[in-house]
Amino acid sequence: MISTDHLSLSTSMNKLKITSKLLVVLAASSLVLSCRKATVEPYKKWEFNSPDYFPAPVYNFENNKQNFQKFTLGRVLFYDPLLSSDGTVSCASCHANSHAFAGHNTALSPGVNNLVGTRNSPSIVNLAWSPSFMWDGGINHIEVMPIAPLTNPVEMNESLANIILKLKASERYKKLFKEAYGTEEVTDQRILKSLAQFMMMIVSTNSKYDQMKRGEVSFTATEQEGYSLFQQKCSQCHTEPLFTDYSFRNNGLDLTFSDQGRALITQQSSDLGKFKVPTLRNVLMTYPYMHDGRFYTINQVLEHYNSGVKHTNTLDPLLDNGIPLTASEKTQIIAFLRTLNDETLLSDYWLSEPKN
């Protein structure tokens with residue numbers, strides 16, 4: 001005979017087996033749902049984001065419609081030093097995501113063979129709204145902008161023809177080009193359009209300032225005082241919400257111009273010493289400052305406008321009397337500028353270097 005204890009044990013074992021099977025099924029279902037979510041959510045985050053308080057983008061997406069595979073190709077190209085002549089410099093070398101896609105800790109852009117350029121690398125956030133590129137505005141379309149650093153002898157020092165040969169020899173790139181364009185063919189237009197797809201997605205719209213604009217947070221008293229001062233003294237050039245008006249101005253750095261700035265493009269003496277007004281988004285993370293990186297701290301920048309403006313024939317009229325600031329006003333403005341830091345940009349998965 002089978003004892004009651006044995007029956008009880010047998011029943012318990014059967015219940016345990018059933019429970020275990022249910023747990024396995026539930027775990028498997030959860031994993032499937034998790035995988036589906038992981039597939040859907042990153043694609044959602046990948047989409048281009050233009051807040052309703054931003055102007056319409058300048059870039060015409062109809063001529064280079066967003067495509068995840070083209071974006072992915074552009075992302076890989078952006079981080080690949082293969083595009084430089086000695087294999088040491090990538091686009092990200094001068095536009096690091098850890099510094100809001102600006103140059104980092106060096107005044108002038110480093111290039112191949114330990115060469116150094118003549119200008120600082122500015123942040124490349126929100127390029128979809130920019131009507132021109134480079135400090136002097138010498139390029140008017142984002143799809144051709146990469147040609148300048150790619151071919152500059154003191155930057156990446158490579159030719160498009162040689163880049164194409166190197167990419168054609170790569171099994172990885174054959175796969176990426178086929179996924180993006182349907183064939184393995186590598187062309188300069190495909191390279192440039194894919195890089196543009198990636199750069200257009202470097203959008204900074206989640207700083208505390210943005211959260212305030214959306215009604216999600218409020219400024220502290222000091223931040224609000226700094227905001228009011230900024231609107232009074234700085235906003236004519238650093239216009240909200242992009243914090244630049246994309247104009248070219250002489251901000252009184254020099255009496256003579258070793259770099260002629262905008263005049264190099266226009267050949268007009270009235271443009272001597274004029275450079276594009278940079279965005280102030282993420283400004284506390286994009287040091288050093290000015291076209292030649294001469295100032296390493298924001299305090300030095302504010303003191304320049306307070307007491308260091310040099311007068312020449314092309315000085316911007318708004319700076320005839322400088323921008324007088326007391327010590328407390330500087331503190332308040334810096335508190336406001338800190339609200340322009342977009343920490344989420346630094347950790348955005350889709351904008352970071354691909355892992356493989």
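User: How many aromatic pairs does the count come to?

Analyst: A pair of aromatic rings is described by the distance of the centres and the angle of the planes. Rings of Phe, Tyr and Trp (its six-membered ring) pair if their centres lie within 6.5 Å; planes under 30 degrees apart count as stacked, over 60 as edge-to-face and the rest as tilted. By this rule the count is 24 aromatic pairs. One of them joins phenylalanine 78 and phenylalanine 198, with 4.9 Å centre to centre and 40 degrees between the planes, a tilted pair. This is a predicted model, in which local features need pLDDT of at least 70, side-chain atom pairs count only at pLDDT 80 or more, and totals for chains, interfaces and linings use all residues. Residues are numbered from 1 along each chain as its sequence is written, and side-chain values use heavy atoms, with hydrogens and water left out.

User: Where do phenylalanine 78 and phenylalanine 198 lie, and are they buried or exposed?

Analyst: Helices (H or I, at least four residues) and strands (E, at least two) are DSSP runs, numbered from the N terminus. Phenylalanine 78 is in helix 2 (residues 68-78) and phenylalanine 198 in helix 7 (residues 188-200), 120 residues apart. Buried means under 20% relative accessible area, exposed over 50%, and partly exposed in between (1.4 Å probe, protein chains only). Both phenylalanine 78 and phenylalanine 198 are buried.

User: What kind of aromatic pair do tyrosine 209 and phenylalanine 336 form?

Analyst: Tyrosine 209 and phenylalanine 336 form an edge-to-face pair, at 6.4 Å centre to centre and 80 degrees between the planes. Tyrosine 209 belongs to helix 8 (residues 208-213) and phenylalanine 336 to helix 12 (residues 327-338), so the pair ties together parts 127 residues apart in sequence. Tyrosine 209 and phenylalanine 336 are each buried.

User: Which residues do ring pairs link into a cluster?

Analyst: The cluster holds Phe68, Phe71, Phe78, Tyr79, Phe101, Phe198, Tyr349 and Trp350. The ring of tyrosine 349 also has the charged end of arginine 75 over it, 5.1 Å from its centre. A charge sits over a ring if NZ of Lys or CZ of Arg is within 6 Å of the ring centre and within 35 degrees of the ring normal. Likewise, the charged end of arginine 262 sits over the ring of phenylalanine 248, 4.3 Å from the centre of that ring.

User: How many salt bridges does a search of the whole structure find?

Analyst: Side chains of opposite charge can pair when their charged atoms come close. A salt bridge is a side-chain nitrogen of Lys or Arg within 4 Å of a carboxyl oxygen of Asp or Glu. The search finds 16 salt bridges. One of them joins glutamate 158 and lysine 166 (2.9 Å, N to O). Glutamate 158 is buried at 10% relative accessibility, and lysine 166 is partly exposed at 22%.

User: What does the salt bridge of glutamate 303 with lysine 330 look like?

Analyst: The closest N and O atoms of glutamate 303 and lysine 330 are 2.3 Å apart. Glutamate 303 is in helix 11 (residues 298-308) and lysine 330 in helix 12, so the bridge ties together parts 27 residues apart in sequence. Glutamate 303 is partly exposed at 30% relative accessibility, whereas lysine 330 is buried at 15%.

User: Which residues are linked in a network of salt bridges?

Analyst: Such a network links Arg119, Asp136 and Asp259.
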